[in-house]
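Have your viewer open and your selection tool ready. We will go stop by stop, and at each one you will hear what to select and what is there.

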Amino acid sequence: IITDVTYINNQDEKIYLTYMPATLKAVFGVDNEHQNYKEFLLNGKTAYLLEANTVRERSNLVWLDEDNTVAFKLMSSIDCDELVRIAQNMEKVS
């Protein structure tokens, strides 16, 4: 089951969250032609940031929460530091 959520902030910027069980062999499609790739640790897990290098493109942040076996992708034109902050503060709520 793939879930998509769209959030619009106070500046009318859209932030897209997609998540799915990692057991589905999670694959997220991203355009890496117009993005710069960076790998780093996000809350102790490997994350992949594809930062847009043109104004018209969106950046993507992809990571796997192995503890909860969920794959996540955040996509937006907001600042990449803010995308990372959002991801760092996400938590599972039962």
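**Before you click**

This is a predicted model, in which local features need pLDDT of at least 70 and side-chain atom pairs count only at pLDDT 80 or more, while totals for chains, interfaces and linings use all residues. Residues are numbered from 1 along each chain as its sequence is written, and side-chain values use heavy atoms, with hydrogens and water left out.

**Stop 1: colour by confidence**

Colour the chain by pLDDT, the predictor's confidence in each residue, from 0 to 100. The mean for the protein chain is 87, and 89% of its residues reach 70 or more. Helices (H or I, at least four residues) and strands (E, at least two) are DSSP runs, numbered from the N terminus. Select residues 80-88 to see helix H1, where confidence is highest, at a mean of 96. Strand E3, residues 35-42, has the lowest, at 90. A word of caution: where pLDDT is low, the predicted coordinates should not be read in detail.

**Stop 2**

Next, select 3-8 and 14-21, which are strands E1 and E2. They run antiparallel and are joined by 6 bridges; two strands pair if DSSP finds at least two bridges between them. Show valine 5 and you will find leucine 17 of E2 opposite. The hairpin has 5 residues between its strands.

Now click on aspartate 12 in that turn: phi here is positive, about 60°, in a residue other than glycine. Is aspartate 12 buried or exposed? Its relative accessible area is 64%, so it counts as exposed (buried is under 20%, exposed over 50%, partly exposed in between, with a 1.4 Å probe and protein chains only).

**Stop 3**

Move to asparagine 43, in the loop between E3 and strand E4 (45-52). Asparagine 43 also has a positive phi, about 50°, without being a glycine. With 52% relative accessibility, asparagine 43 is exposed.

**Stop 4: serine 76**

Finally, select serine 76 in strand E6, residues 70-76. Serine 76 is buried, at 0% relative accessibility. Which residues does serine 76 touch, not counting those up to four places away in sequence? Lys14, Ile15, Arg58, Ser59 and Leu83, where contact means heavy atoms within 4.5 Å. Serine 59 is 17 residues away in sequence, yet 5.5 Å away C-alpha to C-alpha.

Zoom in on the side chain of serine 76: one of its polar atoms lies 2.6 Å from the backbone oxygen of lysine 14. The backbone nitrogen of isoleucine 78 is 3.1 Å from a polar atom of that side chain.

Methods: A polar contact is a pair of N or O atoms within 3.5 Å; within protein, one must be able to donate a hydrogen and the other to accept it, and residues adjacent in sequence count only if both atoms are side-chain atoms.
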